[in-house]
Amino acid sequence: MANNSSIEWTDATWNPVTGCTKVSPGCKYCYAERLARRLAAMGNPRYRNGFRLSLQVDLLELPLKWRQPRRIFVNSMSDLFHEDIPDEYVRAVFEVMNRASWHNFQILTKRPERLAQLADDLTWSPNIWQGVSVESPEYYWRIPHLKQVPAPIRFLSLEPLIAAMPQLPLEGVHWVIVGGESGPRRRPIMPDWVRAIRDQCRSRRVPFFFKQWGGFNSKSGGCLLDGRKWQEWPESTHAQRLESTAC
């Protein structure tokens with residue numbers, strides 16, 4: 001769950017937790033919620049509770065069984081720093097990531113306050129990258145919380161991008177991912193929004209990764225910006241030894 005991923009900036013997903021609750025406009029048409037409903041309708045036992053938060057305890061040690069190094073998106077179907085996940089369970093997830101040193105783990109949250117509260121009690125080994133999702137300038141406040149975290153790689157996921165992002169506070173940020181929304185009720189993304197973010201990243205020497213334009217499905221619009229792919233990676237020992245994924 002799942003050994004391979006179609007998400008461009010990762011290789012695999014690992015969901016020791018499934019289900020979540022909405023906290024901001026970026027959650028409005030949540031892809032994970034739509035997928036969970038489909039999986040529940042198909043009888044998948046992991047989603048017998050639909051999209052209600054569920055600890056998948058038997059999956060905690062799954063990355064230890066994957067011997068080939070890979071980038072692993074942690075909780076693509078949830079948020080590791082959700083308020084209803086016990087502190088000890090978050091620590092257990094980190095213990096597995098610390099042990100599985102041959103992988104890169106990529107964590108994203110929309111709950112940076114809790115992330116910052118727990119950060120000092122967690123072990124941030126070099127293979128753990130931490131990011132926050134920021135969908136509009138209204139949520140720039142999430143970024144200072146991220147900067148308190150002693151993760152070796154701190155990154156922003158500007159997806160779904162639903163507004164222009166002027167004057168991004170990029171100090172202390174090592175990577176920026178941008179993507180448009182997908183799904184039948186997707187909100188539009190403007191090319192000039194993406195170009196402006198790219199240019200801010202280039203001027204600050206922050207790697208820029210454009211994931212997708214979005215559309216009815218995530219691949220509908222492709223990922224070319226001004227005629228080329230932008231798939232830059234942060235510098236780290238782990239990033240350098242893992243092959244980049246293709247668009």
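What radius of gyration would a compact globule of 247 residues have, and what does the protein have? A compact globule with 247 residues would have a radius of gyration near 18 Å, and the protein has 17 Å, which agrees. The radius is taken over C-alpha atoms, and the globule rule is 2.2 Å times the number of residues to the power 0.38.

The model is predicted: local features need pLDDT of at least 70, side-chain atom pairs count only at pLDDT 80 or more, and totals for chains, interfaces and linings use all residues. Residues are numbered from 1 along each chain as its sequence is written, and side-chain values use heavy atoms, with hydrogens and water left out.

## Overall fold

The C-alpha trace spans about 45 × 40 × 35 Å along the principal axes. There are six helices and 11 strands in the protein; helices (H or I, at least four residues) and strands (E, at least two) are DSSP runs, numbered from the N terminus. Of the 247 residues, 58% count as buried. Buried means under 20% relative accessible area, exposed over 50%, and partly exposed in between, with a 1.4 Å probe and protein chains only. Among contacts with a separation of 6 or more, 71% come from residues 24 or more positions apart, where contact means heavy atoms within 4.5 Å.

## The largest pocket

The largest pocket has a volume of about 1100 Å³. A pocket here is an open set of points on a 1 Å grid over the protein atoms alone, where a 1.4 Å probe fits, with protein on both sides within 12 Å along at least five of seven lines; lining residues have an atom within 4 Å of a point. Grid points are joined across faces, edges and corners, and the volume is the space filled by probe spheres set on the points.

The pocket is lined by 46 residues, and Ile-7, Tyr-31, Ala-32, Phe-73 and Ser-76 are the closest to its centre. Helix 1 (31-41), strand 5 (104-109) and strand 9 (208-212) each supply at least two lining residues. Helix 1 gives the most, with six residues. By type, the lining divides into 18 nonpolar, 17 polar and 11 charged residues. Nonpolar covers Ala, Val, Leu, Ile, Met, Phe, Trp, Tyr, Cys and Pro; charged covers Asp, Glu, Lys and Arg; the others, Gly among them, are polar.

## Nonpolar cores

A nonpolar core is a set of buried Ala, Val, Leu, Ile, Met, Phe, Trp, Tyr and Cys residues joined through side-chain atoms within 4.5 Å. The largest has 58 residues, of which Phe-94, Leu-156, Leu-158, Val-176 and Ile-197 touch the most other members. Helix 2 (residues 87-99) gives the most to this core, with seven residues. Apart from it lies another core of 11 residues, among them Phe-73, Ile-153, Phe-209 and Trp-233.

Beyond four places in sequence, Ile-197 touches Leu-158, Leu-161, Met-165, Leu-168, Val-176, Val-178 and Phe-208. Phe-208 is in strand 9 and counts as buried because its relative accessibility is 1%. With neighbours within four places left aside, the contacts of Phe-208 include Val-176, Val-178, Ile-197 and Trp-230.

| Pair | Residues apart along the chain | C-alpha separation |
|---|---|---|
| Phe-208 and Ile-177 | 31 residues | 6.1 Å |
| Ala-163 and Thr-109 | 54 residues | 19 Å |
| Pro-63 and Cys-27 | 36 residues | 27 Å |

## Loop residues and backbone geometry

Pro-63 lies in the loop between strand 3 (54-55) and strand 4 (71-74). Pro-63 counts as buried because its relative accessibility is 0%. Outside four places in sequence, Pro-63 is in contact with Trp-14, Ile-72, Val-96, Trp-102, His-103 and Phe-105.

Most residues other than glycine have a negative phi, and most peptide bonds are trans. A cis peptide bond joins Glu-159 and Pro-160, with omega about -5°. Pro-160 is in the loop between strand 7 (153-158) and strand 8 (175-179). Gln-167 lies in the loop between strand 7 and strand 8 and has a positive phi of about 50°. Gln-167 is exposed, with a relative accessible area of 73%. Asp-226, in the loop between strand 10 (224-225) and strand 11 (228-229), has a positive phi near 55°. Asp-226 counts as partly exposed at 45% relative accessibility.
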